[in-house]
Amino acid sequence: MEKMRKILLTENEMPRQWYNIIADMPNKPLPPLHPGTGKPVGPEDLAAIFPMELIKQEVSAERYIDIPEEVFDLYRTYRPSPLFRAYNLEKTLGTKSRIYYKYEGGNYSGSHKANTAIPQAYYNKQEGVRRMTTETGAGQWGSAMSFACNHFGLELLVFMVKVSFHQKPGRKLMMNTYNAKVVPSPSTMTAAGRKVLETDPDSPGSLGIAISEAIEIALQDPYTKYSLGSVLNHVSLHQTIIGQEALIQMEKANAYPDVVIGCFGGGSNFSGISFPFIRENLVNGKKTRYVAVEPASCPKLTKGKFTYDFGDQSGMTPLLPMYTLGHNFIPDKIHAGGLRYHGAGVLVSQLRKDGLVEAKSKFQRECFEGAILFARTEGILPAPESSYAIAGALDEARRADLEGVSKTILFNLSGHGHFDITAYEKYFEGNLPDHEATAEEIDLSLANSPVPTF
Ligand SMILES: *Cc1c(COP(=O)(O)O)cnc(C)c1O
């Protein structure tokens, strides 16, 4: 058979619904709790910051949820996304395994974030919202929201984690171009930001802090709402367009993955590529493995504790049942800013607890090595975040070769690294330190991140 390097779908073959894994999970996730009462939160508790349609999706048990026409229409400007067979990488490795990757960097935002930015902006607009607030780490989420908000006629205020604000000035300018206002976080605009700056004026910031600032502003005005780029169920739901397309593309390639790999920040791109395949394990007896790869400096899935914790630093969100390093955990300043989050999404946390998902952690230097090998063979310059998935895929291929077997490996290339080029410069200068969060640091962080008990 002719070698298929690039497996494409037509617009007509694109899935018209998102897949909700809750319908098929053997153990349903525990409910989010109200930090004041200890009771499960109801839709009305969330209504101050999210539109009702997204709240419904957050708690829905429906297996498939229709993609609205206006959202589908924007999806069609860059979807279906291509699936590639990494022939050149395979050849250079000399591996017997087959390596496939789904590429989510080929849209305006440069990452998978557009897949949820578009529906989130759309539902907010539908419900009469005028202004949105959000956080961003490396800037991919902020970029994705900036374009989507502007498209649907919403203003946007972005709190950008300070270390990334300085590492990646191009991202700020891109957001400005799409008409968004960008503030480095922690900022003096909010009580949450001022409190952090009082104790540490040089704080590099964290996603948890930026989330607190964005929620605080949203709570002050009924026409302003907040949006989150990862972690929550509805965000993972929107990302399942990735895995559903990949299922069809793998079938076209006459292949099925033995292992599916994603990098892990809050879990949305990993959920997106893996959930539709996990369904095949749960319903159709497939035996595929699922591996989430996270930074050694922010290892919630491998070293965190499964417990109720806040989703933000200052304790404004409901308590979520998740693997966490403690909401006050400030990860080391690694270049994969999108992975510097203290917790793991509720759905992946439950799946991990139930043994359906594996996790491993890696140092950034090894990941950059993998990213450079990937760039030199496949031609795409990966986002620092995505390099963790590449390193995970290389592990699988090398292990299979040592065992003398051939595996089919699928990973998600969540974004490109065109705005992250100074991180590559640091690597070439030999100036990219490895950092590991120790068990003692994590215990201390958890002890310093108290949550209400009931
Ligand atoms: C945000 C981001 C991530 C991490 O977030 P998840 O929600 O875990 O997917 C990974 N890769 C890229 C390119 C990102 O922008």
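The chain folds into 18 helices and 15 strands, both taken as DSSP runs numbered from the N terminus (helices H or I of at least four residues, strands E of at least two). The model is predicted, so local features need pLDDT of at least 70 and side-chain atom pairs pLDDT 80 or more, while totals for chains, interfaces and linings use all residues. Residues are numbered from 1 along each chain as its sequence is written, and side-chain values use heavy atoms, leaving out hydrogens and water.

Of the 454 residues, 62% are buried (under 20% relative accessible area, with exposed over 50% and partly exposed in between; 1.4 Å probe, protein chains only).

Aromatic pairs number 18, counting rings of Phe, Tyr and Trp (its six-membered ring) with centres within 6.5 Å; planes under 30 degrees apart are stacked, over 60 edge-to-face and the rest tilted. Tyr-19 and Tyr-64 have ring centres 5.6 Å apart and planes at 45 degrees, so this pair is tilted. Tyr-19 belongs to strand β2 (residues 17-19) and Tyr-64 to strand β3 (residues 64-66), so the pair ties together parts 45 residues apart in sequence. Tyr-19 is buried at 1%, whereas Tyr-64 is partly exposed at 33%.

For Phe-374 and Phe-411, centres 6.0 Å apart and planes at 70 degrees make the pair edge-to-face. Phe-374 sits in helix α15 (residues 364-378) and Phe-411 in strand β15 (residues 408-413). Ring pairs join Phe-374 and Phe-411 with Phe-84 and Tyr-101 in a cluster.
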